[in-house]
Structures are given as C-alpha cells and as structure tokens.
Amino acid sequence: MTHRHADTRPPLPRWVLLGTCALACIAGMVNVAGFLGFEHQGITHLTGLSTLLGAAIGHGDARAALQLAGVIGAFVAGAMLSGLIVHDSDLKLGRRYGVVLALEIVLLVLSVSGFKQGYIAGALFAAAACGLQNALATTYRGMLIRTTHVSGLFTDIGIAVGHALRGRPWQVARLQLALLTIGAFVFGCVCGTWLFGWLSYDALYVPAAWTGLVGIGYVLYRHHHIHRTAPHA
C-alpha cells in the first residue's frame, strides 16, 4: 500500500503567478487575431505552423511554405533576442524583463500596420513579439513556464496526476501554475475574439498596452522588493 505525503515545497510567489497569467492572456489575444485574420493561422502555435509548412511543401505551394517558414523563423528570432537580453531562462526577480517587454510592445504595434496592409510583415512582427515573450523565462523552481502555448502545460498536468495516482505527493505548485496559465491563455483568446470583432487588427493595441502595464508593474515591484530587502544602516 502506498502512502501519500504532502507536497512540502513553498507556494509560488504572487508575482510569478500574476506575471505568468498576464503574459499568457496577452499571447491568447495575439494568437486568436492570427486565426481570425491574416491567412487564418495562429501566431504562437508552432506545432500547427510546422504542420502547415509540411503540408505546403508536400503540395508544392512555395508561397505558403515561405510565409510559414518566415513566421516560424520570426518566432525563433524573437526568442534569440530575448536570450541575448536576459541571459538566463530561469525566472528570477531582478533580470531585464522590462527591456524585453518594451521591445514586445514595439513589435506588436508594428504588426498592426503590417496586418492592416495585408503584408506578411504583420505576422512576422507578431510572431517575433511572441517568441520574445515566450523565451523571457522558461522555468521556475524546475517547473515549466510557457506563456504563448499550452501543450507542455497540459503534459505537466497529466504527469502530476499520474504521479499522484501512484501515491506520490500532489504537485500543488506545478498544477496551480499550469491550470492558471491555461485559463489565462483561454481567457485571452475569448477577449481577443471580442476585440477583433469590434476593432479588427486595432485589437492588437490592447495586448500591447497590457504588456506595458505588466512591464511597469514588474519594474515597480522589483524596485519595492530591492528597497524592502536592502540592509538598513
């Protein structure tokens, strides 16, 4: 008979949960604009884009293949830029996340003009923004962090439940992070759908503004944390 023990790991800090959920909501709004608008393709869903790329190559559709390869490459380029700025994939207070978020705002604003004119540049800028965001941090205390797609998070849930069924402790923090991130992403898709129906591609200004608020919130919280933990004379 197996004995289940409580998960003794400390709860996740509020800033980690709030920040991750806010960014997942932003990604949901951006991704749904791709599905509803230009070429009806996702922006952050690289598995789907890679599948479409393979199908385009199989059908001999060079134009579609080039576009899809461009969007995938833009996402990777954004992630590369994020890696150059942040230097580490583990989420930690004090790193240059504000700079990354500021660049994401610029890319999202640029994407609106490209989308409106029917240019592939719109999708490229949006994909680069999402790659930048997704690579901002990928782990925290060994747990997976993904803010632009949710396949890995569903896998995390399955693993945690499977381990619990074998009698291992419930991985509460891991489940909490995965479920909240997925919920925030879906909520972003819902909001993005409403906004796109009302504003078309101008709806992307909303996640751009929301990114700015997240960046400001992070900078203020980091400043407060540094002053709170600094030794007093």
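**Exercise 1.** Is Lys116 buried or exposed?

*Solution.* The structure is a predicted model, in which local features need pLDDT of at least 70, side-chain atom pairs count only at pLDDT 80 or more, and totals for chains, interfaces and linings use all residues. Residues are numbered from 1 along each chain as its sequence is written, and side-chain values use heavy atoms, with hydrogens and water left out. Buried means under 20% relative accessible area, exposed over 50%, and partly exposed in between (1.4 Å probe, protein chains only). Lys116 has a relative accessible area of 51%, so Lys116 is exposed.

**Exercise 2.** Determine which residue forms a salt bridge with Lys116.

*Solution.* A salt bridge requires a side-chain nitrogen of Lys or Arg within 4 Å of a carboxyl oxygen of Asp or Glu. The partner is Asp202, with the closest N and O atoms 2.6 Å apart. Lys116 belongs to helix α4 and Asp202 to the loop between α7 and α8, so the pair ties together parts that are 86 residues apart in sequence. Helices here are DSSP runs (H or I, at least four residues), numbered from the N terminus. Asp202 is partly exposed, because its relative accessibility is 25%.

**Exercise 3.** State how many salt bridges the rule gives, and describe the pair formed by Arg174.

*Solution.* The count is two salt bridges. Arg174 meets Asp156 at 2.8 Å, N to O. This pair links distant parts of the chain, with Arg174 in helix α7 and Asp156 in helix α6 (residues 151-165), 18 residues apart. Both Arg174 and Asp156 are buried.

Technical notes. Helices (H or I, at least four residues) and strands (E, at least two) are DSSP runs, numbered from the N terminus.
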